Amino acid sequence: MFGLMDGFLKNDPISLQKDILYHVEYTVARSRFSFDDFEAYQALAHSVRDRLIERSHDTQLFFKRKDPKRVYFLSLEFLMGRSLSNSVINLGIRDQYAEALSQLGFEFEVLAEQEGDAALGNGGLARLSACQMDSMATLDYPAWGYGLRYQYGLFRQVILDGIQHEQPDFWLNFGNPWETERVHVTYPVKFYGTVEEEILNGEKCNVWNPGELVEAVAYDNPIPGYGTRNTITLRLWAGKPSDQRDMEAFNTGDYINALVSRQKAENISSVLYPDDRSYQGKELRLKQQYFFVSASIQDIIRRFKDAHSNFDEFPDKVALQLNDTHPSLAIVEVMRVLVDEEHLDWHKAWDIVCKLFSFTIHAVIAEGLEKIPVDLLGSLLPRHLQIIYDINFNFVEELKKRIGLDYDRLSRMSIVEEAAVKTIRMANLSVVCAHTVNGVSTVHSELLKTKLFKDFYELWPEKFQCMTNGVTQRRWIVVSNPSLCALLSKWLGTEAWIRNVDLLTGLREYADDADLQQEWMMVKKVNKMRLAEYIEAMSGVKVSLDAMFDVQTKRIHEYKRQLLNILGIIHRYDCIKNMDKSQQSKVVPRVCIIGGKAAPGYEVAKKIIKLCHAVAEKINNDSDVGDLLKLVFIPDYNVSLAEVVIPGADLSQHLSTAGHEASGTGSMKFLMNGCLLLATEDGSTVEIVEEIGAENLFLFGAKIHEVPELREKGPAHDVPLQCARVLRLIRDGHFGFQDYFQSLCDSVEGEDFYLLSSDFGSYLEAQAAADKAFADPKKWTKMSILSTAGSGRFSSDRTIRDYAEKSWGIEPCRFPSEFDG
Ligand code: AZC
């Protein structure tokens, strides 16, 4: 079949032009003689989408014919950012499009800027999912992503007088050219109701009579691989009212209320929860989780049944990946379908279920693990609660046989927590059922074994694995840093590193080469210019390109210690103020850039943002300081801004208190872009040190094993003089708002849980080392080259291969290459 069909659509510039104009006229419905940049972007996006659809059809047909084992990646969050540039680069037709557009009088880059971000996620976990989708497509794995199509993604951060305000993200208002609504791919999802025991063919069985039905509709988003025709699908579900239920409501004659209640169905997928750490046991959140899980599992089982009739084969054809506990209800849902609907014997069903799931944990502390109140679960999903109790009963009985009547341990390991509020521990459920459980860096995976899941590790050591996170070099170098991309291909003599990033180690041999160093510095300068222009346009602050661009961008959290960064900046400011002119002439100028969102209810994080603005206001307007120090806060940090910020950074800061960051993936993006890291030995930094050598970054602070003892010392430990002085400046109102900031100062001089005071001295030393290195451009550039050269291990390609081989048991399934193009 494939022998007869090449792609329908041609990719020469003339064909592309025709397609774009076709979409201007008939899709965007503007005259082909008169359309603006945004309309041109829409038409362009539709023409790219056509090509993606064609490839995704081919890929799905090919998968269907081959019927390989597929992996289904279940995640409540995907932070995709923009799609245009990434798509045309992965399709290999960027230059053709650029030419086609320029003949029409448009510039590709300008149109690319018209696109908004798809921000269906909060932070690290969600962006990781996006990177991993890119790698799954590129490595030809037969994979699907499943998630929720939120109508409102992560809030927009607006800063007024230094205070964060949250505004809705109306990302769908102007349409989304990348998705395809599959009106025929819909499934009913049940909620509430009761469970009755009935006799069916002489056997007892449980029948769930739901109290509410909502329809899930599929929206497909194509994910093209690079250097392959394979294009996989991210299928996102949206809530639509179910006809079945509405008929009843309309029949009672209450027309208006029936219509209003239709609205409720759409609410399920309406908004992303904006807190990336704490779980409040909200009903809507649980509904979202079950909604997307139920629709996905129905879809997966439907696909399986198209080709198979015996569920014994299910684990040979299906791998299910749980991205954190958010989709863990899938375990219970598959059990329910197999037992209640397919009428498999309980033990046989459990056997099958235990072969399906792999579970990735992104949290570090027990408080970060999701627990669902039993009352809530029982009312929303009554049958699921029964199944969880049964799973737990069997598990605890089995456990007693293995470990005896150690009641403390039994209660720690139980899926049901018997506390004041009885809850279901979703992580325990997932560990009990999954065949593999993994952390996201070596350090984190060890922590899971020795702390968080110690009891389980002792029981099932073979389940526990490590899959160090990675990021995709396609987005984080090729799309966002075209100058570096060209330079790498030139010096490595090949573009093959884009699919095989280990080739970057080839740079090491040229790290001292004067020509490479020269070109390397030029590339950095170009990227700094782009960032400086952005900063000036956004804040009015002019920054010097000779200064070190020092960046900390990530979600605002106490453990990530943006406050430490700000205290360090105040210290630097204070030092500069107290210098004479000749001392000042030796200062390495800095532009400090901070960006990130605080969860809307996270008061401390919001205070930190305010402090940053107050300090910036003071410093940036102080003529004694001039270009020696600037501080800018970048509002509304998101994926597309990261693409501008990261390539332009000289130094980036990763300051988490040791033992608190599961992995960290921002650092990997900076590393790939030749940015030096200033970091604690936490999460994946430990592995970065192994790859590039401790001499090529600036490490500081307490190590993981030292933290408990330092905490023990508690408030009694001495606050270093320099730190005390900085805090005094804040307390005395040097930056205004002194009452408002007292509590931040108290947290450092009091309990100092995050060890800002105790790490302060070592932090300043690392900063001084960074200044010294920056003053020596040759040395700095060499370190920068070696950073990029050592970044290969942190590609999501490596991560995904690890998962495929060690967890999912899947093989690549590549569309035959003679039809590539
Ligand atoms: C994050 C971790 O905090 C971070 O260390 C890790 O790199 C990242 O996941 C990817 O594994 N966790 C989250 O983002 N968590 C949530 C719930 O958003």
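Let me start with a definition: two strands count as paired if DSSP finds at least two bridges between them. Keep that in mind for what follows. One caution, too: this is a predicted model.

Now, the nine-stranded sheet. It is open, and its order is β7-β10-β11-β4-β1-β12-β13-β17-β18. The pairing is mixed. In general, strands of a sheet pair through backbone hydrogen bonds, either parallel or antiparallel.

Which strands stand at the edges? They are β7, residues 180–191, and β18, residues 464–466. Each has a single partner strand, so one side of each has no neighbour in the sheet. On average, neighbouring strands here are turned by 25 degrees against each other, direction ignored.

Take β7 and its pairing with β10, residues 212–224. The two are antiparallel, with nine bridges. Within this pair, Thr186 stands opposite Val217 in β10.

A helix joins the picture. α8, residues 255–267, packs on the sheet. It touches β10 and β11, the latter spanning 231–241. The direction of α8 makes about 155 degrees with that of β11.

On to the three-stranded sheet. This one is open as well, in the order β14-β16-β15, and the pairing is antiparallel. Its edge strands are β14, 371–373, and β15, 416–417, and each pairs on one side only.

How many bridges join β15 to β16? Two, and the strands run antiparallel, with β16 covering residues 423–425. Here Val416 stands opposite Ile424 in β16.

This sheet has a helix packed on it too: α16, residues 426–433. α16 touches β14 and β16. Its direction makes about 40 degrees with that of β16.

Conventions
Residues numbered from 1 in each chain as written. Predicted model: local features only at pLDDT ≥ 70, side-chain atom pairs only at ≥ 80, totals over all residues. Heavy atoms only, no water. Helix = DSSP H or I, 4+ residues; strand = E, 2+ residues; numbered from the N terminus. Contact = heavy atoms within 4.5 Å. Axes fitted to C-alpha atoms, helices over the stretch in contact; angles between N-to-C directions.
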